[in-house]
Amino acid sequence: MQRLTNRQIVLGITGGIAAYKSAELTRLLKGAGADVQVVMTPAATEFITPLTMQALSGNPVHLHLLDPEAEAGMGHIELAKWADLVLIAPASANFMARLNAGQGSDLLSTLCLATEAPIVLAPAMNQAMWRDQQTQTNATSLERKGIQLLGPGTGEQACGDTGPGRMLEPIEIAQQTAALFDRGLLAGKRVFITAGPTREALDPVRYISNHSSGKMGYALAEAAVDAGAKVTLISGPVNLQTPPRCERIMVESAEQMLAASLQHIDECDIFIASAAVADYRPVAVAEHKLKKGNEEIMELRLVKNPDIVATVAAQSNKPFTVGFAAETRDVVSYAQDKLTRKNLDLIIANDVSRSDIGFNSDDNAVTVISHHNVQQLPLCSKRQLAAKLIEIIASNQES
Ligand code: PMT
């Protein structure tokens, strides 16, 4: 269940006796490292208390669609955007019918309409209700819409009947949920990712750098690990933890980043350069702190840094090489020029003139450019974007 580490899961609970099992499910998801936000329908609160779910999830429980307090904090749209996955367990016959009809009659059904995250249901109901023709039609229709059903299981039911309709056990739901993140698109691949800024020292206490936080590169590292890759993250100085199951090499300068990138380059299948590398560094690093003089203007002499991604792309056994382009105007045409000039296979362009995306933001919107295609990926969190980018990189690398 390692794949659940750092996953953001909305756990929806609808009204049914199996709701008591949601407590154990929450414990298992949390234990596997997931962050869980619980959303309960009014009927669910008749079976298990929000207080129990709050204590187990460690987060406030979301109950109402039109709650001014919640809407000011994490309302239904924020929840819908936050989720990597919406898991509804138990999913009642009534909820499945409403979901299939596209109703937004309560918080849970509304956030299902609003989310772009995958939705997974663990149905739970009486065997006759499950066998009912309309429920079966709803189940088939939901699956056609891409909603995945886990179970239901067959066996003795709370009402005394025996048959299909039992909610799967929490451990089965947790394991199958974890497996959903194991897409294996990059199984067996070695991926190197550069991330964050570089620092180019002027003297022992000063340096030239930029605003890169590393968030984009670290999100890519997580997504590549989730896709089954063995990932080496070559990182400039950032304030982020090493992503789970990822090797991290910390560097300061562009020259160090280049050396770390080339160290095992012959083993690398995919190289992703998301770092914001300083194009120039001071010609000389002063041994001691530079003192303020009498002059009003101080001139710095800079020398060009090596181009890391271009050096990687020039290797005889070149990995599939992906660059980023940080542009403030003519984003696509400048990026296309870099794609050709640096001999890249793919370039991901972001407009860093916008303060809501690019450097140091949680969200990004990019244009993915190959030698024969241009694709826009709209604004979303860097984590969600990273998962999409890894899918695109994997399919381009294969073709
Ligand atoms: O770190 P975050 O705060 O999450 O922000 C993410 C980001 C904006 C830094 C990221 O999305 C991004 O755009 N990274 C590339 C920034 C950049 O330096 O772009 P560039 O257009 O200057 O460089 C083009 C490409 O060449 C990049 O892949 C860069 O890593 C690479 N390069 C540049 C110079 C150099 N000396 N060596 C390089 O490898």
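Predicted model: local features only at pLDDT ≥ 70, side-chain atom pairs only at ≥ 80, totals over all residues.
I looked up the strand order and found an open sheet of five strands, 2-1-3-4-5, with parallel pairing. I noted that strand 2 (35–40) and strand 5 (148–149) each have a single partner strand, so one side of each is left without a neighbour in the sheet.

**Entry 2, strands 1 and 3.** I then examined strand 1 (residues 8–13) and strand 3 (residues 85–91), which run parallel and are joined by four bridges. For V10 I recorded V86 in strand 3 as the bridge partner.

I traced helix 5 (residues 93–101) across strand 3, strand 4 (119–123) and strand 5, and its direction lies at about 150° to strand 4. I also found helix 9 (residues 170–180) packed on the sheet, where it touches strands 1, 3, 4 and 5. The angle between helix 9 and strand 3 is about 155°.

**Entry 4, strand 16.** I checked burial along strand 16 (residues 320–327): seven of its eight residues are buried, so the strand is largely enclosed by the rest of the structure. I looked next at its partners. With strand 13 (residues 270–273) it forms four bridges in the parallel sense, and F320 stands opposite I270. With strand 17 (residues 346–351) strand 16 forms six bridges, again in the parallel sense, and here I found G323 opposite I347.

I followed the chain from strand 16 through helix 13 (residues 331–341) to strand 17 and recorded a right-handed β-α-β crossover.

Methods
Residues numbered from 1 in each chain as written. Heavy atoms only, no water. Pairing = 2+ DSSP bridges. Contact = heavy atoms within 4.5 Å. Axes fitted to C-alpha atoms, helices over the stretch in contact; angles between N-to-C directions. Buried < 20%, exposed > 50% of the residue type's maximum accessible area, 1.4 Å probe, protein only. Right-handed = clockwise from strand over helix to strand, strands pointing away.
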